[in-house]
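Let's take a walk through this protein together.

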Amino acid sequence: LGLPVLAMVRQLQTPVAHGPEALQMHADPSSTECEDFRTLRTALALADKEARQIVISSAEPADGKTTVLANLAVCYAQSEKRTLLIDADLRRPGMTALLDMRSVGGLSGVIRGEGDVVKMATAHVRASGIEGLDVLPSGPRPANPAELLANPRFSELLAWAATVYDQVLIDSPPALATSDTAIIGRLVDGTVIVVQPEKNRRRSVTHAIES
């Protein structure tokens, strides 16, 4: 691919399926597996010290992007960086489900709303239960996700987040399935692609990178 490998994350074992305890970095921060996320955090810092807003995607569904993103967010929070997780996968909001925040308002409501973006964002951001980590869930599923993400209110939201948080991490749909990641990628500092070598085909990953 001609891209740097930032880190290799091994198989994770978590005792529960949802909530903060489902995140290895929170449930067992001293485990060997957690060093993989610290390596990733360090690699991102060395690659670009100004990369404060990052979107994470994958080529296909079920590649582990949401798990990697959530644990990386905890890793940043544990390093005393105030961190915001945004679930911008408005089609299949895995982050919202992982953190057990379904049936609450979130990103889609902020973008579709007519009120002040800052006030609405502040009202919709949720505490994760982990010190230093906040979450903006996906909110109700819209009929037009790509159009919502291209709305100027989304870029206004990111501009607000940059003034409040040290690190902003955004979950987006698989890059091959939609144009959402490309839309978000133009607004942030960098994009990380999660790959499962045993599952993904080389051609699929190559197409994801090209998109």
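**A walk through the model**

Glu-80 is exposed, with a relative accessibility of 75%; exposed means over 50% relative accessible area, buried under 20%, and partly exposed in between (1.4 Å probe, protein chains only). Before going on, note that this is a predicted model, in which local features need pLDDT of at least 70, side-chain atom pairs count only at pLDDT 80 or more, and totals for chains, interfaces and linings use all residues. Residues are numbered from 1 along each chain as its sequence is written, and side-chain values use heavy atoms, with hydrogens and water left out.

Back to Glu-80, which sits in the loop between H3 and strand S2 (83–87). Helices here are DSSP runs of H or I with at least four residues, strands are runs of E with at least two, and both are numbered from the N terminus. The phi of Glu-80 is near 70°, a positive value in a residue other than glycine. Most residues other than glycine have a negative phi. Asp-100 also has a positive phi, near 60°, and is not a glycine. You will find Asp-100 in the loop between helix H4 (94–98) and helix H5 (107–112), where it counts as exposed at 52% relative accessibility.

Now turn to the helix packing. Helix H2 (residues 34–47) and helix H3 (residues 65–78) have axes that come within 9 Å and cross at roughly 75°. Axes are lines fitted to C-alpha atoms, for helices over the stretch in contact, and angles run from 0 to 180 degrees between N-to-C directions. H2 and H3 are therefore roughly perpendicular to each other; that label covers angles of 65 to 115 degrees, while under 35 is roughly parallel, over 145 roughly antiparallel and the rest oblique. On the H2 side, the contact is made by Phe-37, Arg-38, Leu-40, Arg-41 and Leu-44, and on the H3 side by Val-68, Asn-71, Leu-72, Cys-75, Tyr-76 and Gln-78. Contact means heavy atoms within 4.5 Å. Sorted by class, the residues between H2 and H3 are seven nonpolar, two polar and two charged. Here Ala, Val, Leu, Ile, Met, Phe, Trp, Tyr, Cys and Pro count as nonpolar, Asp, Glu, Lys and Arg as charged, and the others, Gly among them, as polar.

Another helix pair is H6 (residues 117–124) with H8 (residues 152–164), which pack at an angle of about 70° with their axes 10 Å apart. That makes H6 roughly perpendicular to H8. Which residues meet in this pair? From H6 come Val-117, Val-118, Met-120, Ala-121 and Thr-122, and from H8 come Arg-153, Glu-156, Leu-157 and Trp-160. The residues of this contact divide into six nonpolar, one polar and two charged.

Next, look at Asn-200, in the loop between strand S6 (190–194) and helix H10 (202–210). Is Asn-200 buried or exposed? With a relative accessible area of 9%, Asn-200 is buried. Its side chain makes a polar contact with the side chain of Asp-63 at 3.0 Å. A polar contact is a pair of N or O atoms within 3.5 Å; within protein, one must be able to donate a hydrogen and the other to accept it, and residues adjacent in sequence count only if both atoms are side-chain atoms. The Asn-200 side chain also reaches the backbone nitrogen of Gln-196 at 2.7 Å. Leaving aside neighbours within four places in sequence, Asn-200 touches Glu-60, Asp-63, Val-194, Val-195 and Val-205.

At the other end of S6, Asp-189 lies in the loop between helix H9 (180–185) and S6. Asp-189 is partly exposed, at 42% relative accessibility. The side chain of Asp-189 reaches the backbone nitrogen of Arg-52 at 2.9 Å. Apart from neighbours within four places in sequence, Asp-189 is in contact with Asp-48, Glu-50, Ala-51, Arg-52 and Gln-53.

Our last stop is helix H7 (residues 145–149), which holds Glu-147 and Pro-145. Glu-147 counts as exposed at 52% relative accessibility, whereas Pro-145 is buried at 8%. Beyond neighbours within four places in sequence, Pro-145 is in contact with Leu-90, Arg-91 and Asp-180. Pro-145 and Asp-180 are 35 residues apart in sequence, with their C-alpha atoms 7.6 Å apart in space.
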